[in-house]
Amino acid sequence: WYDMEDGYQYVLTSTEENGFYIGCISRNGQTILRKYTYVEEGFEVEKDALTIYSLTEDTDVQTLVDAFNVQYPDIPIKVEYGYTEEDGKTREDALKLLNTEMLAGKGPDLIMLDGLNAESYIERGLLADLNDVVDYKTIEENVFSHMLEPYKVEGEQFAVPCGFSLYGITGEVEAVNAFADVDQFLAFAEEKGLPFVVHDYNLAEAANVIYLKDIPGCFKEDGSVDRQNLERLFAHLEKLFMLSGNSFDEDNTEYGFGDMREISSMENAVEWIYYDKLPFVLSPYLNVNGIKAANYLASEEGLAYEYLEKDGQLVYQDQMILGVTAGSDQMEAAGTFINYVLTEGLTEKSQDLRMLPANQAILGDLLQGEQKIFTINSFGYGDNPEMIDVKGKDLTKEQSERLTGRIKNAVKAEYTQPEIREVILQAAGEECLGRKDLEQVLAETSQQIELYQKE
């Protein structure tokens, strides 16, 4: 066993088959078990393999590819990542190479559009109409219809999101009630008078939720930056930063908001309610266990939870957005993979994925149950920690139907592209750390964003 400073544990164990297992909890809280077996002659991915591209490393893609390989062993798949922490490439390097290859007709077969400008690829004719790749009934019957609209042009469907996330708060009733107004919410947090009300291990998630609440007002109707509201967003992030800290006597202030940590789900974030008795946590709901963890605390512990809204509608972020490149010679294989993910994949691997299924029927089945109280995970910190259970509780049929009804009318999160979100959060971190003053980050951020929009 290897104990890490952040409390996560890793284990290696041998097998009887000349191999070994590695089990770990990743930085985003996902439990991963991998088996490695030594094969003397090695293996080679076939040249006609279906190539799937993701800009960054993604465990969900690999999970579904592994499961697909079991069921369709005669369809080889090669997963390519634009850049990784080890290869020395930047996001800009990866995008330039991808665009060059796609324009030359040498790109991947299947492309995951998360973090990419899907609209640009559609406008340039680089994506195939999925009506020619997958039986459209498969898509229409298995995906929330409004989640398809951003990728539909004149009846042609150029991409399909396989999952999505919601955002929100779990905590004391007063905190949840104040959540609708950021100023009121932060005033409540400050009035608690605690050493800290946001654990800095949860600061990136909390900052992202505040960002999503404020960012729509930071742009005028003509698309230009509203500096007054952008300044208000910076003020909110600074207040959030000042209210953060941790119980481990560590100094994590160097990270600010722009440390690129992976975002963890609500069932991980609520650890700080259990461990530090914090009045609330802000986090995405990346799977049904996040919702069930919040539901348990609300129904059994007297707390409450709510979702991020805009003008009374839930805000969602779509995930694993799959498109097929127009020049692919693997259309049939790509269609088989998309069909598998939207049906069997989302059903069989739901507990392993860091996203809520965009398939309404699957989501409903996962959410509701017999209102059982169960242990989602156990955690502890230190050399010999006293382990604490994070509990979950199934939703009732009525709760599930009410939530899926709200999801049907949800609106897509705005300004989530890295060229805007990361620029703002990194600038806010530099201002909070005293590296730059407010006027400087306002001017630089406005200029960067307006330059990006022109491009």
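A handy term before the first click: a residue counts as buried at under 20% relative accessible area, exposed at over 50%, and partly exposed in between, using a 1.4 Å probe and protein chains only. This is a predicted model, where local features need pLDDT of at least 70, side-chain atom pairs count only at pLDDT 80 or more, and totals for chains, interfaces and linings use all residues. Residues are numbered from 1 along each chain as its sequence is written, and side-chain values use heavy atoms, leaving out hydrogens and water.

Start with the whole protein chain in cartoon view. You'll find 17 helices and 20 strands; these are DSSP runs numbered from the N terminus, helices being H or I of at least four residues and strands E of at least two. Of the 455 residues, 50% are buried.

Now colour by pLDDT, the predictor's confidence in each residue from 0 to 100. The chain averages 89, and 89% of its residues reach 70 or more. Then select residues 1–8: here the pLDDT is below 50, though the stretch has 19 contacts in the model beyond near neighbours in sequence. Contact means heavy atoms within 4.5 Å.

Next, select Leu 116, in the loop between strand 7 (110–112) and helix 3 (118–123). Is Leu 116 buried or exposed? Its relative accessible area is 13%, so Leu 116 is buried. Show its partners: setting aside neighbours within four places in sequence, Leu 116 touches Leu 55, Leu 95, Leu 98, Ile 111 and Tyr 121.
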